[in-house]
Amino acid sequence: PSVAASIVHSHVDGVYAQSHARLDEALAEDAPASVLLELLDSPPWSPSAEDDHRLRSAAKSEPAVANAVEYAAWTLTHGHRLNHMTIFANTLGLANIKGLADLNALLQAEGMEFNPAGGNDGVTQGSLEVGLQQSSTRADLIEHTFSCGTTQKIPCAFLELIERHDGFSGFLGQNAKGIFSSTHQR
């Protein structure tokens with residue numbers, strides 16, 4: 001939607017051309033890790049709560065592009081922060097975790113909220129037959145202060161959990177698209 005493009009463009013236009021010195025400093029051989037961490041943790045632009053609201057409203061009004069616009073809102077707010085991390089259940093090496101179902105159960109017992117999906121447990125997508133099973137948590141909510149001074153709880157990062165079978169190395173298209181709903185505002 002043009003409103004979303006306008007909001008994003010108003011914040012990111014020309015930012016990277018101006019930030020090369022900061023990036024060079026962070027990537028220098030003798031740079032302390034804290035410089036790179038600050039660069040990754042602090043977005044180079046400062047959206048307002050109104051910008052975030054307008055972007056997320058645009059996502060709701062145009063379902064065909066909702067995931068892309070929601071992800072743009074997330075990126076505008078969080079910048080270069082990690083959106084998610086993937087845990088490969090096959091290689092954990094934990095005696096009490098035999099696969100994805102055990103990992104899901106452990107994390108649910110610890111209070112993590114999962115995205116609903118099919119499967120016997122209600123949270124697993126894919127199957128042994130297609131070579132991939134996966135699940136994802138809902139993004140944790142963090143307090144964020146926007147440039148206008150408004151503080152809100154917003155979605156931050158989530159976990160993607162996968163178990164591969166029979167040498168399967170790809171992703172399932174619909175599942176890959178669906179996990180990004182983890183960071184939608186709720």
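**Surface and charge**

I began with the accessible surface: the protein exposes about 10400 Å². Carbon and sulfur atoms supply 56% of that area. The method is Shrake-Rupley with a 1.4 Å probe, and for residues only the protein chains shown count as cover. I noted that this is a predicted model, in which local features need pLDDT of at least 70, side-chain atom pairs count only at pLDDT 80 or more, and totals for chains, interfaces and linings use all residues. Residues are numbered from 1 along each chain as its sequence is written, and side-chain values use heavy atoms, with hydrogens and water left out.

Next I looked up the charges. The protein has 11 positive and 22 negative side chains. Lys and Arg count as positive, Asp and Glu as negative; His and the chain ends are not counted. I placed each charge at NZ of Lys, CZ of Arg, CG of Asp or CD of Glu. The centres of the two sets lie 6 Å apart.

**Overall layout**

I looked up the extent of the chain. Along the principal axes, the C-alpha atoms fill a box of roughly 50 × 50 × 30 Å. Of the 186 residues, 35% are buried. Buried means under 20% relative accessible area, exposed over 50%, and partly exposed in between (1.4 Å probe, protein chains only).

I then listed the elements: 8 helices and 6 strands. Both are DSSP runs numbered from the N terminus: helices are H or I with at least four residues, strands are E with at least two. The order from the N terminus is α-α-α-α-α-α-β-α-β-β-β-β-β-α.

I also checked contacts, meaning heavy atoms within 4.5 Å. Among contacts with a separation of 6 or more, 64% join residues 24 or more positions apart.

**The open sheet**

Which strands form the open sheet, and in what order? I found 4 strands, ordered β1-β6-β3-β2, with mixed pairing. Two strands pair if DSSP finds at least two bridges between them. β1 (84-88) and β2 stand at the edges with a single partner strand each, so one side of each is left without a neighbour in the sheet. From one strand to the next, the twist averages 20°.

I followed β1 to β6. These strands run parallel and are joined by 5 bridges. M85 has L159 in β6 as its bridge partner.

Then I looked for a helix on this sheet. α7 lies across β1, β3 (132-136) and β6. It runs at about 155° to β6. Axes here are lines fitted to C-alpha atoms, for helices over the stretch in contact, and angles run from 0 to 180 degrees between N-to-C directions.

I moved on to β4 (residues 141-145) and β5 (residues 151-155). They run antiparallel, with 5 bridges between them. L141 stands opposite P155, and H144 stands opposite Q152.

**Two loop residues**

I looked up M112 in the loop between α7 (100-109) and β2 (125-127). Not counting residues up to four places away in sequence, M112 touches L107, T137 and L159. M112 and N96 are 16 residues apart in sequence, and their C-alpha atoms are 18 Å apart.

D166 came next. D166 sits in the loop between β6 (158-164) and α8 (173-178). Its phi is near 50°, a positive value in a residue other than glycine. D166 is exposed, with a relative accessible area of 79%.

I ended on α5 (residues 49-61), which holds A59 and R54. A59 is buried at 2% relative accessibility. Leaving out residues up to four places away in sequence, A59 touches A66, V69 and E70. A5 is 54 residues from A59 in sequence and 12 Å away, C-alpha to C-alpha.

R54 is partly exposed, at 34% relative accessibility. What does R54 contact beyond its neighbours within four places in sequence? I found V3 and I7. R54 and V3 are 51 residues apart in sequence and 7.9 Å apart, C-alpha to C-alpha.
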